[in-house]
Amino acid sequence: MSNIRVRFAPSPTGALHIGGARTALFNWLFARQHGGKFILRIEDTDFRRSREDSTRGIVDGLSWLGLDWDEGPDIGGPLGPYRQSERGDIYSRYLQELLDSGRAYYCFCTPEELQKEREEAAQEKRDYKYGSRCKALGPEEVKEMQQAGKPAVIRLKVPGEGYTVVHDLIRGDVSFANALFDDFIIAKSDGWPTYNFAVVVDDFGMQISHVLRAEEHLSNTPRQLLIYRALGFKEPSFAHLSMILAPDRSKLSKRHGAISVQEFQSQGYLPEALVNYLALLGWSTGRDVDIWSREEMIQEFSLEHISKSPAVYDLEKLAWMNGQYMTQLDIESLIALLEPQAQQRGWLNEENSVFFRQAVELVRNRAKTRDELLYALGYFFEEVEQYDEKGVKKHFGQHKASTVLSEVLEIVSSIGSFSAAELEEAFRKRAQELEVKAADLIHPTRLALSGRTATPGLFELMEVLGREKCISRLEKALEFIASQKGQL
RNA sequence: GGCCCCUUGGUCAAGCGGUUAAGACACCGCCCUUUCACGGCGGUAACGGGGGUUCGAGUCCCCCAGGGGUCACCA
């Protein structure tokens with residue numbers, strides 16, 4: 001295929017959510033695979049709801065995901081402007097053309113009148129269709145009403161019979177009876193076009209070859225096709241992607257928790273992981289692979305392998321995937337990922353970067369997300385304020401606990417080299433002398449040093465923590481046990 | 001409600017007339033191990049229902065059911 005041009009055309013009325021992100025991703029993959037252009041267009045003709053910070057959020061989100069565009073509002077391009085609010089003249093021209101050729105007409109019916117008709121129809125359980133009353137208005141009448149300052153919308157004349165069929169690349173031919181449509185509005189009374197009209201004019205004007213968008217637009221497509229034909233525009237190819245659903249199978253919304261790209265970003269997910277996960281939501285090759293590099297995705301992307309059924313997203317799998325990417329990360333990048341929070345918590349400063357790094361190395365492979373990693377790092381930087389409840393019962397509860405910890409304290413204070421290997425040797429030797437298992441020393445010590453029952457290998461942990469912290473924490477644990485006497 | 005789309009394990013999904021119906025996440029065992037992870041091995045679990053077509057149907061057709069989308073001077 002040549003001259004592939006695709007677009008992502010969000011309306012800036014909210015954050016970039018994962019459904020939109022996936023649509024953008026598929027468009028991007030398609031463009032990159034074919035050496036085509038990926039265009040960003042902002043559909044901001046709803047002036048009441050459009051917000052500038054939403055545009056910024058979307059742009060930032062796409063950038064963070066690494067989905068770069070070739071033409072767009074920020075970088076321009078040969079077929080701009082790329083913001084609908086700046087394309088008023090273009091729409092007006094085509095609107096006028098339709099009016100002149102008699103394919104569209106002014107309608108002076110008020111929203112209130114129409115609303116009333118709709119309600120009546122609903123009462124009588126009839127389907128409502130606009131009755132085309134204003135189609136019969138002669139030029140004189142139109143002029144009169146306009147001069148009287150009556151607001152008007154513009155409607156397209158829709159053929160009452162026949163079918164409009166959408167040739168969808170994913171779903172095949174989908175046909176709609178024209179009788180279903182009324183003469184729908186293509187320009188609002190403020191002069192701005194409605195979505196369906198603006199999209200057609202823009203997709204044509206920007207020479208879009210393939211419209212890849214969410215399934216919710218499928219039922220809009222025949223209306224758009226009608227506009228293409230009225231305007232004599234060449235039609236692009238269409239492909240409608242199935243929706244991403246929340247775990248309860250309903251449409252994604254805020255109540256489902258994290259659904260915006262920004263939220264994933266602020267929770268410390270890796271963009272590569274999100275992209276990989278999103279790519280596999282609705283697309284798959286027959287290949288038995290879950291981790292895909294961008295290059296591989298671009299290479300193998302194919303519309304034929306896009307699934308028709310909606311996909312329920314699964315945070316667990318995203319987390320797993322994030323873990324896969326986190327393990328692959330080099331230590332510098334990992335530290336960079338942690339840095340903002342770590343500094344904010346006072347865990348990382350100019351003096352302790354070596355210590356910080358050692359701690360990260362130690363815990364890194366037991367966390368799937370940044371937040372888990374932060375949690376795993378806690379006791380390296382914060383004093384132990386409380387001990388895991390179950391751990392206390394199990395390891396501090398036994399009557400030997402204080403004896404054991406005293407023994408450990410003795411080792412820790414007297415050992416020559418404070419290294420993992422030496423510590424382990426000393427522990428095992430002492431265990432043997434005491435005729436207990438090494439584990440009987442290890443578990444209480446772990447709890448004393450970290451407050452937790454799950455940590456990296458104890459001896460490595462001790463080495464990184466250092467003698468001083470080990471001693472003070474052991475002493476603190478001994479005090480704790482003493483204070484709990486009788487209750488344990 | 002009308003119209004449109006969809007329907008393989010809990011989730012993502014392979015399958016495109018003949019398979020013991022892949023694989024991944026999750027879950028459950030076992031191994032490794034000082035704990036937790038990682039890793040390794042194994043396991044539980046699916047073709048929505050009913051009719052056809054065919055020697056043979058998850059795969060093709062029809063009906064039903066369920067889910068989703070859409071019916072604005074929103075996009």
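In which sense, left-handed or right-handed, does α6 pass α7? In this predicted model, where local features need pLDDT of at least 70, side-chain atom pairs count only at pLDDT 80 or more, and totals for chains, interfaces and linings use all residues, side-chain values use heavy atoms, with hydrogens and water left out. Residues are numbered from 1 along each chain as its sequence is written, and chains are lettered from A and ligands numbered from 1 in the order in which they are written.

The crossing of α6 over α7 is right-handed. The term applies if the near helix is turned clockwise from the far one by less than a right angle; anticlockwise is left-handed. Helices (H or I, at least four residues) and strands (E, at least two) are DSSP runs, numbered from the N terminus. Two packed helices are described by the angle between their axes and the distance between the axes. For α6 (residues 195-205) and α7 (residues 221-231), the axes come within 9 Å and cross at roughly 55°. Axes are lines fitted to C-alpha atoms, for helices over the stretch in contact, and angles run from 0 to 180 degrees between N-to-C directions. The two helices are therefore oblique to each other (under 35 degrees is roughly parallel, over 145 roughly antiparallel, 65 to 115 roughly perpendicular, the rest oblique). Contact means heavy atoms within 4.5 Å. On the α6 side, Y195, N196, F197, V199, V200, V201 and D203 take part; α7 supplies R223, Q224, I227, Y228 and L231. These residues divide into eight nonpolar, two polar and two charged. Ala, Val, Leu, Ile, Met, Phe, Trp, Tyr, Cys and Pro count as nonpolar, Asp, Glu, Lys and Arg as charged, and the others, Gly among them, as polar.

RNA strand B has 62 residues around it, of which R171, K188, G282, D288 and R366 come nearest. A residue is near the strand if one of its heavy atoms lies within 4 Å. This surface comprises 21 nonpolar, 21 polar and 20 charged residues. The K188 side chain places an N or O atom 2.7 Å from a phosphate oxygen. A side-chain N or O atom of R49 is 3.1 Å from a base oxygen.

Two loops carry local backbone features. G80 and P81 are joined by a cis peptide bond, with omega about -5°. P81 lies between α2 (52-65) and α3 (88-100). S132, a residue other than glycine, has a positive phi near 60°. S132 is in the loop between α4 and α5 (139-147).

How values were computed: A polar contact is a pair of N or O atoms within 3.5 Å; within protein, one must be able to donate a hydrogen and the other to accept it, and residues adjacent in sequence count only if both atoms are side-chain atoms.
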